[in-house]
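Reader: I am new to this structure and would like a close look at a single part of it.

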Amino acid sequence: MASKDQSAIGVFQRAGGLALRHPNWSVLACGLGAACGFPPLHLWPLALLAMGGFVALVWRSDTWRSAFLRGWLFGLAHFTLTDNWIATAFTYQAEMPAILGWAAVPLLSLYLAIFPAIAALVAWLAARKGTLPGFALALGAGWVLAEWLRSWVFSGYSWGPFSLALVGPWDRAGLAAVLPWFGTYALSGVAVTAAGLVIWLLRERRWIALGASVLALTAGMLWPAGNGAQGTVNLTLVQPNLRQDEIDDPSRFESQFATIASLSLPREPGPRLVLWPESGVPDYLREGYPQRYYTQMTAGADPAFARRQIAQVIGADSLLLTGAVDLEIGTEDGREQAVGAYNSVTALDGRGALVGHYAKSHLVPYGEYLPLRGLLEPLGASRLVAGSIDFIAGPGPRTLDFGMHGKAGMQICYEIVFSGEVADRANRPDYIFNPSNDGWFGSWGPPQHLGQARMRAIEEGLPVLRSTTTGISAIIDARGVVRDHIGMNTADRMDTVIPPPLPPTLFARLGHWLTLAWALVLFGASLVVMRRTPR
């Protein structure tokens with residue numbers, strides 16, 4: 001037994017020595033390893049080991065410059081692998097060559113890497129003279145702040161928090177079950193600290209504590225969720241499998257509507273909620289636009305006829321929530337024309353009446369609007385999705401009361417990844433509807449998107465209902481468990497009931513005040529540990 005221990009120690013020591021001789025290459029490898037913890041790979045043990053290695057390498061930095069550089073290199077590798085799906089988006093637009101996608105991902109990562117670099121720098125300045133446990137706590141605190149900053153600086157990019165690696169298999173929450181008491185960014189910081197402590201236990205040969213830690217982490221990831229409570233609101237959720245390279249082709253609008261309509265017909269009498277995805281309706285459903293905007297739609301020039309068609313499909317007692325596009329009409333050069341658009345959810349009842357509306361608030365830069373259009377458009381830059389006019393941001397989270405169909409919160413596509421920004425805290429919904437078009441997200445994007453929707457369900461204590469064009473559509477209960485789903489590139493429907501909400505969580509009440517409180521707790525714990533155990 002001793003010889004095996006010595007062999008394991010020898011391997012660890014040789015690996016540590018190699019990492020210290022080549023620290024920059026090592027942190028790049030750690031960044032890639034940490035990204036492997038995310039879906040679709042979900043190699044969470046590798047992610048924690050890689051993050052722990054990164055913690056140790058920053059701790060061993062000689063100067064603040066090397067600490068910052070190691071954090072930046074880690075982030076460069078980490079975000080380049082995490083966000084590789086963005087390159088796929090360039091294959092679905094004609095304005096720029098598709099090969100630019102493979103340059104856009106690392107270019108975006110050059111910016112995103114600044115945030116791990118800031119966390120590394122803060123920890124090094126605060127705790128470089130302490131032991132590895134104290135430093136791990138400080139880096140955890142810095143990581144909380146860095147992810148929080150990344151969520152709103154320059155409009156924010158929240159995709160891929162490190163805590164995403166802690167979301168369990170679809171039938172259980174994993175360690176993400178503690179999100180109600182932490183929130184996403186705080187749990188990321190705690191995970192960074194835990195990863196550093198695992199490396200310290202290994203370094204100090206504390207085998208019993210290390211074994212207990214590994215068992216606890218594994219049990220937390222695999223702990224059964226059990227059966228959740230059943231709801232009472234009947235639901236039909238549709239995934240029409242509208243291919244991204246065809247979705248904006250007017251010649252296919254009729255066949256697309258026929259597909260989504262055939263999947264939505266009632267199978268039993270009675271009221272139900274019907275959910276269609278983002279880009280679910282190729283028609284303009286509102287009156288008042290110049291006539292030319294209606295002419296190439298499936299119902300021709302009559303939005304009222306389009307609404308009646310849809311009402312006949314869903315049935316008299318039903319309510320439809322669907323992604324749609326609304327226009328902002330203005331006058332330019334004496335002519336009425338669209339000067340902007342809204343990426344919207346439209347609510348339509350069984351009589352064809354418009355009974356609710358939500359406009360997407362958190363728009364995607366370069367996807368739904370072109371920042372600095374006056375400067376960038378003459379240089380050849382364009383949006384990555386069809387259309388020459390920019391979308392206009394809505395006012396933020398809203399709750400719409402649909403009576404027997406429940407109180408619905410809305411989050412369109414990318415909005416669902418922003419922790420603490422998905423529900424109206426003054427008017428809490430019963431569920432969150434998350435229509436999405438993931439057809440341009442490649443093979444890595446949809447499972448990551450689903451994982452982050454599950455995190456919103458857990459931290460808010462609200463079910464999330466995802467209807468997507470091509471997958472992955474899912475019914476997620478308030479514990480983050482996927483009750484049912486439709487896989488990628490499949491046309492299908494789910495007939496079920498909406499899972500009930502849980503009471504408001506601590507995070508639902510406090511939001512990011514809780515996030516910042518945990519950052520202070522981790523930093524305070526770091527000071528205590530450093531005072532008691534000097535390096």
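How many bridges join strand β9 to β10, and in which direction do the two run?

Author: This is a predicted model, in which local features need pLDDT of at least 70, side-chain atom pairs count only at pLDDT 80 or more, and totals for chains, interfaces and linings use all residues. Residues are numbered from 1 along each chain as its sequence is written, and side-chain values use heavy atoms, with hydrogens and water left out.

Strand β9 (residues 464-468) is joined to β10 by three bridges, and the two run antiparallel. Strands here are DSSP runs of E with at least two residues, numbered from the N terminus, and two of them pair if DSSP finds at least two bridges between them. Within this pair, R466 stands opposite A474 in β10. The hairpin of β9 and β10 has four residues between the strands, and G471 takes a positive phi near 110° there.

Strand β10 is also joined to β11 (residues 482-486), by four bridges, and these two run antiparallel. Here S473 stands opposite I486 in β11. The hairpin of β10 and β11 has five residues between the strands, and in it G480 takes a positive phi near 85°.

That leaves the faces of the strand. In a regular strand the side chains alternate between the two faces of the sheet. Strand β10 (residues 473-476) has both faces covered: S473 and I475 lie on one side, A474 and I476 on the other, and all are buried. Buried means under 20% relative accessible area, exposed over 50%, and partly exposed in between, with a 1.4 Å probe and protein chains only.
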